[in-house]
Amino acid sequence: MTGLSTILILVGLFLAGGVYSFSKQGMPKGVIVLLSIGSLMCLVAGVLRIQGLWD
């Protein structure tokens with residue numbers, strides 16, 4: 001269970017870095033919003049799996 005949680009958190013952090021990079025480059029707001037939603041979903045899913053609330 002912790003392997004998938006780690007992967008989800010790493011993907012979420014990777015996407016968060018993409019949000020930061022895209023916002024500095026002046027990319028369209030739609031792309032930034034989609035990346036931030038995806039990042040948040042991955043981070044929340046990883047944390048919930050670590051806490052044992054979601055299997």
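This is a short walk through a predicted model of one protein chain.

Some housekeeping. Residues count from 1 along the chain as its sequence is written. Local features need pLDDT of at least 70, side-chain atom pairs count only at pLDDT 80 or more, totals for chains, interfaces and linings use all residues, and side-chain values use heavy atoms, with hydrogens and water left out.

So, the overall picture: the chain has 2 helices and 0 strands, where helices are DSSP runs of H or I, at least four residues, strands are E runs of at least two, and numbering goes from the N terminus. The C-alpha atoms fill a box of roughly 40 × 15 × 10 Å along the principal axes. Of the 55 residues, 22% are buried, meaning under 20% relative accessible area with a 1.4 Å probe, protein chains only; exposed is over 50%, and partly exposed is in between.

Now α1, residues 2-25. This helix has 24 residues and reaches 35 Å from first C-alpha to last, close to the 34 Å expected at 1.5 Å a residue; that expectation is 1.5 Å times one less than the number of residues. Which residues of α1 are buried? Ser5, Leu8, Gly12, Gly18 and Val19, and the buried residues of α1 pack against α2, 29-51.

Contacts, by the way, are heavy atoms within 4.5 Å. Among those with a separation of 6 or more, 62% join residues 24 or more positions apart.

Last, Val44. This residue sits in helix α2, and Val44 counts as partly exposed because its relative accessibility is 41%.
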